[in-house]
Amino acid sequence: MGEAQRQDQPGQPGQSHQADQLHHAHQTDAGAHLEQRITALVEKLGIAWTVVEHRAVNTVAEALAWVPPMDGIACKNLFLRCTTQKHGPRQYWLLCTPFAKRVDLKALGKILGAGSRLSFAKEEELMDLLGLHPGSVTPLA
């Protein structure tokens, strides 16, 4: 079984550890529970893994400044919603795409059947549905 490795990236580049402590103080109970569930699963499956912690990021450029080089494809995660509710509950999507890929929300909305009414979910929706803050969306939520 692989061993867990943890790499912490405190604060912003050049900022004090105090900024990192402030970020962690805002972590929700749901986020902590999610981390525990994921850790237990990867350990049970014997998967070698590394955690790279960093503050929430809102752009690919910010993420690239934080995350050390590693194997694989860097991705961005977008939590999207249909801006109108015609019938039934509002629809949401989590889009994981290579970081360099430009996303045309109008075209994607048509593909998903949301027409041109696709937008980023609001901060309240992100917290209510995934227990996450903007800039910290993960496909593991």
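These legends go with a handful of close-ups of one predicted model. Because the model is predicted, local features need pLDDT of at least 70 and side-chain atom pairs count only at pLDDT 80 or more, while totals for chains, interfaces and linings use all residues. Residues are numbered from 1 along each chain as its sequence is written, and side-chain values use heavy atoms, with hydrogens and water left out.

**View 1. Glu125 sits in a network of salt bridges with Arg81 and Arg90.** A salt bridge here is a side-chain nitrogen of Lys or Arg within 4 Å of a carboxyl oxygen of Asp or Glu. Glu125 pairs with Arg81, with 3.3 Å between the closest N and O atoms. Glu125 belongs to helix H5 (residues 123-130) and Arg81 to strand S3 (residues 75-82), so this bridge ties together parts 44 residues apart in sequence. Helices (H or I, at least four residues) and strands (E, at least two) are DSSP runs, numbered from the N terminus. Glu125 also meets Arg90 in a salt bridge, at 3.5 Å from N to O. As for accessibility, buried means under 20% relative accessible area, exposed over 50% and partly exposed in between (1.4 Å probe, protein chains only). Glu125 is buried at 13%, Arg81 is buried at 9%, and Arg90 is partly exposed at 21%.

**View 2. Arg55 and Glu62 make a salt bridge.** Their closest N and O atoms are 2.5 Å apart. Glu62 counts as partly exposed, with 21% relative accessibility. The count of salt bridges comes to three.

**View 3. Phe79 and Tyr92 stack.** A search of the whole structure turns up one aromatic pair. Its members, Phe79 and Tyr92, lie 5.5 Å centre to centre with 10° between the planes. The rule: rings of Phe, Tyr and Trp (its six-membered ring) pair if their centres lie within 6.5 Å, and planes under 30 degrees apart count as stacked, over 60 as edge-to-face and the rest as tilted. Phe79 is buried at 9% relative accessible area, whereas Tyr92 is partly exposed at 28%.

**View 4. Seven residues make up the largest nonpolar core.** They are Leu78, Leu80, Cys82, Trp93, Leu108, Ala114 and Leu118. Strand S3 gives the most, with three residues. A nonpolar core is a set of buried Ala, Val, Leu, Ile, Met, Phe, Trp, Tyr and Cys residues joined through side-chain atoms within 4.5 Å. A second, separate core has five residues, including Phe79, Ala121, Leu126 and Val137. In soluble globular proteins, nonpolar side chains tend to be buried together.

**View 5. Thr97 is a buried residue of strand S4.** Its relative accessibility is 8%. Leaving aside neighbours within four places in sequence, Thr97 is in contact (heavy atoms within 4.5 Å) with Ala74, Cys75, Lys76 and Val103.
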